[in-house]
Amino acid sequence: MLRVYLICVGKLKERFYQEACAEYVKRLSPYCKLTITELPEEKLPQAPSQAQIDAALAKEAAAIRGRIPPSARVVALCVEGRLRSSEEMARMFPDLAYSREKCLVFLIGGSYGLDETLKSEAQVRLSMSPMTFPHHLARVMLLEQIYRGAKINEGGRYHK
């Protein structure tokens with residue numbers, strides 16, 4: 001069974017995000033073994049300098065690296081990533097059956113995104129949209145797209 005990891009900076013606080021994520025976790029259970037890891041977002045002052053932001057992102061990146069399993073294909077969600085259709089996203093999953101990677105890891109940064117070095121280490125950079133979304137909503141959107149991909153690969157009707 002496909003192993004999928006979501007490593008997220010920041011904790012879901014809003015109940016509607018928690019409920020949406022829980023629904024997709026439930027829907028995904030027949031298709032993959034899903035692990036969601038929430039890491040704390042580094043505290044920053046009200047108006048942080050770029051140096052403070054960079055230092056916080058570096059600390060978050062170190063924590064993220066510590067949670068990435070070996071032999072993983074890493075997908076960093078970032079605005080400068082490549083846009084993909086749902087069908088292209090779905091093709092990422094069966095491709096793992098023929099690769100040396102044993103699982104798929106999606107990285108979702110906090111309010112300031114992901115550290116540049118972490119993005120450069122990822123095998124894939126994925127953009128959800130050129131628009132900006134709250135990182136908590138990005139988690140819900142990603143889970144929905146993983147589920148949609150599973151249904152596409154199954155030949156189901158959900159994705160239409």
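Reader: Is Arg 27 buried, partly exposed or exposed?
Author: This is a predicted model. Arg 27 is found in helix α1. Its relative accessible area is 30%. Buried needs under 20% and exposed needs over 50%, so Arg 27 counts as partly exposed.

Reader: How far apart in space are Arg 27 and Phe 16, C-alpha to C-alpha?
Author: Arg 27 and Phe 16 are 11 residues apart in sequence. In space, their C-alpha separation is 17 Å.

Reader: Which residues of α5 meet α1?
Author: Arg 27 is one of the α1 residues in this contact. Tyr 17, Ala 20, Cys 21, Tyr 24 and Leu 28 of α1 also take part. Their partners in α5 are His 136, Leu 137, Arg 139, Val 140, Leu 143, Glu 144, Ile 146 and Tyr 147.

Reader: How do the residues of the contact of α1 with α5 divide into nonpolar, polar and charged?
Author: Tyr, Ala, Cys, Leu, Val and Ile count as nonpolar, while Arg and Glu count as charged. Sorted this way, the contact of α1 with α5 has three charged residues, one polar and 10 nonpolar.

Reader: Are α1 and α5 roughly parallel or roughly antiparallel?
Author: Helix α1 covers residues 15-28, and helix α5 covers residues 135-154. They pack with axes 9 Å apart, at an angle of about 20°. Angles under 35 degrees count as roughly parallel. Therefore α1 and α5 are roughly parallel.

Reader: Is the crossing of α1 and α5 left-handed or right-handed?
Author: Two packed helices are described by the angle between their axes and the distance between the axes. Handedness is a further property of this pair. The crossing of α1 and α5 is left-handed.

Reader: What length does α5 reach from its first C-alpha to its last?
Author: Helix α5 has 20 residues. At 1.5 Å a residue, the expected span is 28 Å. The model comes close to that, with α5 reaching 29 Å.

Reader: How many residues of α5 are buried?
Author: Helix α5 is largely enclosed by the rest of the structure. That follows from its count of buried residues, because of its 20 residues the buried ones number 16.

Reader: Which residue follows α5, and what is its phi?
Author: Helix α5 is followed by a glycine with a positive phi. That residue is Gly 155, with phi near 85°.

Reader: Which residues does Leu 142 contact, leaving aside neighbours within four places in sequence?
Author: Leu 142 has its place in helix α5. At 0% relative accessibility, Leu 142 counts as buried. Its C-alpha lies 9.4 Å from that of Ile 108, 34 residues apart along the chain. The contacts of Leu 142 are Leu 6, Leu 77, Met 89, Phe 106, Ile 108 and Met 128.

Reader: What is the phi of Ser 71?
Author: Ser 71 lies in the loop between α2 and β3. Ser 71 is partly exposed, at 40% relative accessible area. Most residues other than glycine have a negative phi. Ser 71 has a positive phi, near 55°.

Reader: Which residues does Ala 61 touch, not counting residues up to four places away in sequence?
Author: Ala 61 is found in helix α2. With a relative accessible area of 1%, Ala 61 is buried. Lys 119 is 58 residues apart from Ala 61 along the chain, yet their C-alpha atoms are separated by 9.4 Å. The residues touched by Ala 61 are Asp 115 and Leu 118.

Reader: What separates the C-alpha atoms of Ala 76 and Leu 118?
Author: Ala 76 lies in strand β3 and is buried, at 0% relative accessible area. Ala 76 touches several residues, including Leu 107, Leu 114 and Ala 122. Leu 118 is 42 residues apart from Ala 76 along the chain, and the C-alpha separation is 8.0 Å.

Notes. Residues numbered from 1 in each chain as written. Predicted model: local features only at pLDDT ≥ 70, side-chain atom pairs only at ≥ 80, totals over all residues. Heavy atoms only, no water. Axes fitted to C-alpha atoms, helices over the stretch in contact; angles between N-to-C directions. Helix = DSSP H or I, 4+ residues; strand = E, 2+ residues; numbered from the N terminus. Parallel < 35°, antiparallel > 145°, perpendicular 65-115°, else oblique. Left-handed = near helix turned anticlockwise from the far one by under 90°. Contact = heavy atoms within 4.5 Å. Expected span 1.5 Å × (residues − 1). Buried < 20%, exposed > 50% of the residue type's maximum accessible area, 1.4 Å probe, protein only.
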